[in-house]
Amino acid sequence: MDEITFSNTPVTIVAIGGGNRTNKYLEYAVRHPERLQLVGIVEPNPLRRHALAEKFGLKPEQCFEDYKLFFRNPLKADAVLIATPENIHFEPCMLAIEAGYHVLLEKPIARTLAECRAIARAARNKGVIVGVCHVLRYHPYFIRIKEIVDSGELGQIISINHNAAVGIDRMTHGYVRGMWRREEITNPILISKCCHDIDFLLWLTSSQCRKLTSFGSLRWYRPENAPAGSSDRCINCPIEPSCPYSAVDLYRTRRDWISNFDVPEGATIDQVIDRELRTGPYGRCVFHCDNDVADHQVIAMEMENDVTISFTMDTFTLDDQRQTHIRLTQGEIDGDERSLRIRWFRGAREEVLDFSSLIGTPYHAGADLNLIEDFVHTLACKEHNFRTSIEQSVESHRICYEAERSRLTGQTIRLDD
Ligand SMILES: NC(=O)c1ccc[n+]([C@@H]2O[C@H](COP(=O)([O-])OP(=O)(O)OC[C@H]3O[C@@H](n4cnc5c(N)ncnc54)[C@H](O)[C@@H]3O)[C@@H](O)[C@H]2O)c1
């Protein structure tokens, strides 16, 4: 981060959506109340709404159940944070722009390219900032890659292999049983999960995509692949003890991916898990969900500066991180978020940077807090620009939507037409 200038009064923000992401970003307001102040919360879930109101000392008139109610009588604030499910991004974002707020918008921007473009256009016309939460641009490991490439010491990029490994638990929790399982509710997985990766690749290459082609499908999590004798809920399934996708194993035994389960007053997390396993969406057999998003996908891209990129999204893996291999004219860089190896062709010199201590550390290794700090800094200081413009974000989303078109039609798509 460069030198930060803040005004004497904090930037004021209203959070629309009071779930996981909002709580992460609002940690910044807890740590720096003199820079950022929460002045309103819009959240239909009373447990979440009350918890945030209590934490930030909000009065009832600062709390709303739904964004439509809020925008009928908007509060005075500099900005809104929109961290709702992705089918509820477009409308609140357009209303926020119309009302003159700056917006910090969780990715993906919206659900169609036309909606993404409409948001960019409205922001431009109104003169407000819409910052999209591309956290990789604020993560120390990815920043280091960008710095090495930009330094020019390894010459020019020729080609990149980038792999987004979506761990098996993340996949079954989020994209088979959970919130991102159906395109009509959210988006294709490439947009929901990998718009970050495409944004990173555009940032890294400082170029635009000229052509792309994509393949992939929902190959495995379908009813016809259910093992003989299995049942539609893990809790009463005879093959559960040996099933790698067991919800009983994931939530009850390993107690993983349970942080977003709401625990009502008077109940325990064990009771919530038990109820989820018996009747909730997260207790369902992975072969008997109503999911339709792909479980593997590849994209081949040719950039305008002739760099070629192969991108893969793999979900049948215990890995849950990104691996990148960049070939440049004077050397190569490869890393997996744990370590980053830099090799120079001349003299076969090698340097390895260790990032393993960052793995699993809170707030995406601090990236979430760096990101909101950048947003606050942008509002507080006219000379400072948010790291990603809405136009750049729309461009990375365009690539994802066009890759989907390629996957579904079998065509190679030209983006420079
Ligand atoms: N940048 C990242 O790294 C990253 C990581 C995870 C998720 N996300 C994105 O962040 C967004 C939110 O994800 P999350 O994990 O916080 O989800 P979440 O379910 O924890 O939170 C979303 C909240 O929005 C609330 N909500 C629903 N309808 C609403 C309405 N009409 N008005 C106001 N609030 C409403 C829900 O009750 C919920 O509390 C999604 O778009 C997701 O894709 C981004």
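Two strands pair if DSSP finds at least two bridges between them. Helices (H or I, at least four residues) and strands (E, at least two) are DSSP runs, numbered from the N terminus.

**Ground rules.** I'm working on a predicted model, where local features need pLDDT of at least 70, side-chain atom pairs count only at pLDDT 80 or more, and totals for chains, interfaces and linings use all residues. Residues are numbered from 1 along each chain as its sequence is written, and side-chain values use heavy atoms, with hydrogens and water left out.

**Strands.** I started with strand 1 (residues 11-16), which runs parallel to strand 2 and is joined to it by six bridges. Val11 has Leu36 of strand 2 as its bridge partner. Next I looked at the other pairing: strand 2 meets strand 3 (residues 63-64) in the parallel sense, over two bridges. There, Ile41 stands opposite Cys63.

**Cover.** I checked strand 2 (residues 36-42) and found six of its seven residues buried (under 20% relative accessible area with a 1.4 Å probe, protein chains only; exposed is over 50%, partly exposed in between).

**Crossovers.** Helix 1 (residues 20-31) forms a right-handed β-α-β unit with strands 1 and 2.

**Cysteines.** I looked for disulfides (cysteine sulfur pairs within 2.5 Å) and counted zero.

Definitions and conventions: A crossover is right-handed if, with the strands pointing away from the viewer, the path from the first strand over the helix to the second runs clockwise.
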